[in-house]
Each structure stands twice: as structure tokens, then as C-alpha cells.
Amino acid sequence: MLNKRTTEVYALGQHISMSAHKARRVIDQIRGRSYEETLMILELMPYRACYPIFKLVYSAAANASSNMRSNEANLVISKAEVNKGTIMKRLKHRARGRSFAIQKPTCHITIVMKDRSLDESDSITWSQKKKKDTTMSYYDMYSNGGTWDKK
């Protein structure tokens, strides 16, 4: 039996106390990006959802380095998803002895990271794309009188 080496690792965060919609706003920004670029984006974004997602991305990278012995420079977020979790129901006291129902939503976040160096088919397509994009064409910006004069 052949020993196939897996190229993906994941980290799962469950029952994170925020709505799935707010977490998706951040997840959509980091999907498909490299590990180092993701960490920079998450540190600079002003949303509260960034901190738990940052911890999950860091945990997935630690899983990759310990389980697959992969370098962090080769990691890419291949899949990131947010699912709706359970809703915690609480009561808030109101005037005249009444109570009001408060619903606190939770979400489950899954981060899947892929190592580019271990996937041969992916590295071939990257090199083929680079070869196609290297053709340069000459463009004379002064031939039309300059683009900065037009409004």
C-alpha cells in the first residue's frame, strides 16, 4: 500500500460567541491568501471577529508544522467557512417585574490550510501560469498626449 502524504491541515473553533454574519465578513477577506499575508490582514482589521480567527489561523499553522513538518511560508488558506452555532437564550430584567428574552448567537469556524510545496499538481499549474504571464508588450504613454490631461 502506498503511503500518501496529506497536504491539508485544519483548525476548528466551536461555540465562538458572535454571529456567523459578522465572522463571515472577515473570513471572506482571508480566503485563498497565504499565511503571512493573512496574519497581517487580521492584525490590521478593526473587527472583533479578527482575534478568534487569528488564533485559529495560528493554530492551523502550528498543526501543519508539527504534523506535516511544513514551512509556514508555503501555507495557503484553501478553505475557510463559518457555520451557525447554537443560540444561548438569556433573560434580561425589565421594568415592573417583567423579563425580556435575549438571544446570544454563536458560530463554528473552520480554517483549512494547504501546503503548496507538497502538492505537485498545484505547483505545476503555478509555474505554467507564470510562463504565460511573462510576455511583455511595449506601451508608449506619450503617443496619445498623456493620460493625466484628460478629465
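## Close-up views of a predicted model

**View 1. Helices α2 and α3.** Helix α2 (residues 35–44) packs against helix α3 (residues 50–67) at an angle of about 160°, and their axes lie 10 Å apart. That angle makes α2 roughly antiparallel to α3, in a model that is predicted. The crossing in which α2 passes α3 is left-handed. On the α2 side the contact is made by Tyr35, Thr38, Leu39, Leu42 and Glu43, and on the α3 side by Cys50, Ile53, Phe54, Val57, Tyr58 and Ala61. By residue class, this contact of α2 with α3 divides into 9 nonpolar, 1 polar and 1 charged.

**View 2. Helices α1 and α2.** Helix α1 (residues 20–30) and α2 cross at roughly 145°, with axes that come within 10 Å. The crossing of α1 and α2 is right-handed. Val26, Gln29 and Ile30 of α1 make the contact together with Thr38, Ile41 and Leu42 of α2. The residues of this contact of α1 with α2 divide into 4 nonpolar, 2 polar and no charged.

**View 3. Helices α1 and α3.** The axes of α1 and α3 come within 10 Å and cross at roughly 45°, and the two helices are therefore oblique to each other. In passing α3, α1 makes a right-handed crossing. The residues that meet here are Ala23, Val26, Ile27 and Ile30 in α1 and Cys50, Ile53 and Val57 in α3. The residues of this contact of α1 with α3 divide into 7 nonpolar, no polar and no charged. Val26 and Ile30 of α1 also belong to the contact with α2, while Cys50, Ile53 and Val57 of α3 also belong to the contact that α3 makes with α2.

**View 4. Gly32 in the loop between α1 and α2.** Gly32 has its place in the loop that lies between α1 and α2. When residues up to four places away in sequence are not counted, Gly32 touches Val76 and Ile77. The C-alpha atoms of Gly32 and Ala80 are separated by 8.5 Å, although these two residues are 48 residues apart along the chain.

**View 5. Arginine side chains over aromatic rings.** The charged end of Arg25 sits over the ring of Tyr47, at 4.1 Å from the centre of that ring. A search of the whole structure for aromatic pairs, by contrast, finds 0.

Key
Residues are numbered from 1 along each chain as its sequence is written. This is a predicted model: local features need pLDDT of at least 70, side-chain atom pairs count only at pLDDT 80 or more; totals for chains, interfaces and linings use all residues. Side-chain values use heavy atoms; hydrogens and water are left out. Rings of Phe, Tyr and Trp (its six-membered ring) pair if their centres lie within 6.5 Å; planes under 30 degrees apart count as stacked, over 60 as edge-to-face and the rest as tilted. A charge sits over a ring if NZ of Lys or CZ of Arg is within 6 Å of the ring centre and within 35 degrees of the ring normal. Axes are lines fitted to C-alpha atoms, for helices over the stretch in contact, and angles run from 0 to 180 degrees between N-to-C directions. Helices (H or I, at least four residues) and strands (E, at least two) are DSSP runs, numbered from the N terminus. Angles under 35 degrees count as roughly parallel, over 145 as roughly antiparallel, 65 to 115 as roughly perpendicular and the rest as oblique. A crossing is left-handed if the near helix is turned anticlockwise from the far one by less than a right angle, and right-handed if clockwise. Contact means heavy atoms within 4.5 Å. Ala, Val, Leu, Ile, Met, Phe, Trp, Tyr, Cys and Pro count as nonpolar, Asp, Glu, Lys and Arg as charged, and the others, Gly among them, as polar.
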